Amino acid sequence: SSSSAASDVYKRQQKYNLKKLVYYEIFDDIVDAINREKQLKKYKRDKKIELINLFNPSWKDLYESVII
């Protein structure tokens, strides 16, 4: 799982060869975003899957909605 500022979504997609974007969060403050990313990275896989299921139960690809 990967999280990032919207401006970095494309770069991360390429770097990690990601196929779909199924979860994201929006922050006004970059410091808050970085702190949340650090928190998410500590989560176990099942906790990350739970977050995705709450946010995007169909696991629809959200890439286009973020990039536009």
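Student: Quick one on E25: what's its relative accessible area, and what does that count as?
Tutor: In this predicted model, E25 comes out at 26% relative accessible area, so it is partly exposed. That value falls between the 20% cut-off for buried and the 50% one for exposed.

Student: Where is E25 found?
Tutor: In the loop that links α1 (9-16) to α2 (30-42).

Student: And which residues does the side chain of E25 make polar contacts with?
Tutor: One is the side chain of Y23, at 2.3 Å. Another is the side chain of R36, at 2.9 Å.

Student: What else is E25 in contact with, leaving aside neighbours within four places in sequence?
Tutor: Besides R36, there's L40 on that list.

Student: Switching topic: which residues make the nonpolar surface patch?
Tutor: I30, V31 and I34 make it, and it covers about 260 Å². I34 belongs to helix α2.

Student: Is I34 buried or partly exposed?
Tutor: Partly exposed, because its relative accessibility is 38%.

Student: Zooming out, how many helices and strands are there in the chain?
Tutor: There are 4 helices and 0 strands, and the order along the sequence reads α-α-α-α.

Student: How much of the chain is buried?
Tutor: Buried residues are 22% of the 68. The accessible surface is about 5,500 Å², and carbon and sulfur atoms account for 54% of that.

Technical notes: Residues are numbered from 1 along each chain as its sequence is written. This is a predicted model: local features need pLDDT of at least 70, side-chain atom pairs count only at pLDDT 80 or more; totals for chains, interfaces and linings use all residues. Side-chain values use heavy atoms; hydrogens and water are left out. Helices (H or I, at least four residues) and strands (E, at least two) are DSSP runs, numbered from the N terminus. Buried means under 20% relative accessible area, exposed over 50%, partly exposed in between (1.4 Å probe, protein chains only). Contact means heavy atoms within 4.5 Å. A polar contact is a pair of N or O atoms within 3.5 Å; within protein, one must be able to donate a hydrogen and the other to accept it, and residues adjacent in sequence count only if both atoms are side-chain atoms. Patches are made of residues with over 30% relative accessible area and no salt bridge: like charges are joined within 9 Å, nonpolar side chains (Val, Leu, Ile, Met, Phe, Trp, Tyr) within 5 Å. Accessible areas come from the Shrake-Rupley method with a 1.4 Å probe; for residues, only the protein chains shown count as cover. A salt bridge is a side-chain nitrogen of Lys or Arg within 4 Å of a carboxyl oxygen of Asp or Glu.
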